[in-house]
Amino acid sequence: RYTVVDAPRVPMSVARVLAETSETVFVVLQPTVKDVRVAKSILGSLTAAGIPRERLRPVLNRCGRHQMVSEAEIRKVLGDVTIGRLSNDYSSAIRGGNYGKVLAEAAPRSTLRKEVAELATEVAGAYSGNGRHKH
């Protein structure tokens, strides 16, 4: 039912094609000045290409107490959008990645696993069984 395309370094023309055929587009960024600037540019380019803003979903990755740019500042720069949030739970992510296991097996009690599950549930809940967006 769902397809995830991890395309961090594709040309904008390819990103537009992917976004046009997707119900939800996650733009993942870290809380750094560079990533916020790049995310703003990507969101602006996709919106200018006709991708509805409500299908674009920024996701802040590696959040923590000691991040360079606050979430409030990021919201100011990106506009009034809902931003997903994933904690900086490096050890859980590595545990799963190194052993090729999903987080539910590698780190079932991790904050990161809970946040990923919440984000997936939220996105899945926005769509009916036929894959069309609920209004």
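Touching, or contact, here is heavy atoms within 4.5 Å. Before I go on, this is a predicted model, where local features need pLDDT of at least 70, side-chain atom pairs count only at pLDDT 80 or more, and totals for chains, interfaces and linings use all residues. Numbering runs from 1 along each chain as its sequence is written, and side-chain values use heavy atoms, with hydrogens and water left out.

So, is Leu86 buried or exposed? Leu86 counts as buried because its relative accessibility is 12%, and buried means under 20% relative accessible area with a 1.4 Å probe, protein chains only. Leu86 and Leu112 are 26 residues apart along the chain, yet their C-alpha atoms are separated by 6.1 Å.

Leu86 is found in strand E3. Helices (H or I, at least four residues) and strands (E, at least two) are DSSP runs, numbered from the N terminus. Which sheet is that? An open one of three strands, order E1-E2-E3, with parallel pairing; a pair needs at least two DSSP bridges. The edges are E1 (25–29) and E3 (84–87), each pairing on one side only, and the twist averages 25 degrees from one strand to the next. E2, residues 56–63, runs parallel to E3, and three bridges join them. Cys63 stands opposite Ser87 in E3.

Helix H2 (residues 33–48) lies across E1 and E2, at about 160 degrees to E1. Those angles run from 0 to 180 degrees between N-to-C directions, with axes fitted to C-alpha atoms, for helices over the stretch in contact.

On to the cores. A nonpolar core is a set of buried Ala, Val, Leu, Ile, Met, Phe, Trp, Tyr and Cys residues joined through side-chain atoms within 4.5 Å. The largest has 17 residues, and Ile74 and Leu78 have the most contacts inside it. E1, H2, E2 and helix H3 (71–78) each supply at least two residues of this core, with the largest share, four residues, coming from H2. Apart from it lies another core, of six residues, including Val59, Leu86, Leu112 and Leu119. That brings us back to Leu86.

Zooming out, the chain has six helices and three strands, in the pattern α-β-α-β-α-β-α-α-α. Of its 135 residues, 29% are buried.

Definitions and conventions: Buried means under 20% relative accessible area, exposed over 50%, partly exposed in between (1.4 Å probe, protein chains only).
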